[in-house]
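Thanks for asking for a second pair of eyes. Here is the entry to look at, followed by my notes.

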Amino acid sequence: MTTGAPTSPYTARPRRSRLRRYLPLAIAAWLVLEIWLLTLVADVAGGPVVFLLLVAGVVGGSVVIKRAGRRAFRNLNEALQRGGSPQRGGGNGLTMLAGLLLIIPGLVSDAAGLLLLLPPVQKAVSRFTENTLEKRLRAAAPGSLGDVFQQARMHRPDGKVVPGEVIREDDHRGPDGQRPPLTR
């Protein structure tokens, strides 16, 4: 079916964001660094020490996540009993992230998790994240999210609407010549 709208045979590929371009490289570099550090520590202190460090990280991270989850649930219950909404922040999300970093095997992730457990670091990361998110939301064009959904619903990426009429060859009229009702 043709629409009469000219389409270019050369469609430009959308540019990949920096995050999509460099994130796999950063993850690979992080994994290599973690393995390299674990082998250095294993050479100096021995394999059982490295194993105990990894197990301690998993156990410590699990405890941190469990405590942060309980605190978040307790805050939610208290807020619901008061009839309000839970207080914003509280550091539960960053505490859970710290626990996750402790659970991930490796010395760099453990160091980052332990740093993130410190309240001054949590406040700094929280402030930085809020400021960055606020700047990005201000920079976004108004209604851009609605435009994304509008483009997703259209069959053609250029957004052209083709007026048309549906003609059915098979007519489902009853024996009395009447069409069936639209609703049943």
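1. Some ground rules. This is a predicted model, where local features need pLDDT of at least 70, side-chain atom pairs count only at pLDDT 80 or more, and totals for chains, interfaces and linings use all residues. Residues are numbered from 1 along each chain as its sequence is written, and side-chain values use heavy atoms, with hydrogens and water left out.

2. Start with the arginines. Arg15, Arg16, Arg18, Arg20 and Arg21 make up a positive surface patch (patch residues have over 30% relative accessible area and no salt bridge, with like charges joined within 9 Å and nonpolar side chains within 5 Å; a salt bridge puts a Lys or Arg side-chain nitrogen within 4 Å of an Asp or Glu carboxyl oxygen). Arg18 sits in helix 1, residues 18-45 (a helix is a DSSP run of H or I, at least four residues).

3. Is Arg18 buried or exposed? Arg18 is exposed, because its relative accessible area is 70% (buried is under 20%, exposed over 50%, partly exposed in between, with a 1.4 Å probe and protein chains only).

4. Now compare Glu34, also placed in helix 1. Glu34 counts as buried because its relative accessible area is 3%. Beyond its neighbours within four places in sequence, Glu34 contacts Pro105, Gly106, Leu107, Val108 and Ser109 (contact: heavy atoms within 4.5 Å). Glu34 and Val108 are 74 residues apart along the chain, with their C-alpha atoms separated by 6.3 Å.

5. Finally, a nonpolar surface patch consists of Phe51, Leu52, Val55, Val59 and Val63, together giving about 470 Å² of accessible area (Shrake-Rupley method, 1.4 Å probe). Phe51 belongs to helix 2, residues 47-82, and is exposed at 54% relative accessible area.

Key: Lys, Arg positive; Asp, Glu negative; His and termini not counted. Charge placed at Lys NZ, Arg CZ, Asp CG, Glu CD. Helix = DSSP H or I, 4+ residues; strand = E, 2+ residues; numbered from the N terminus.
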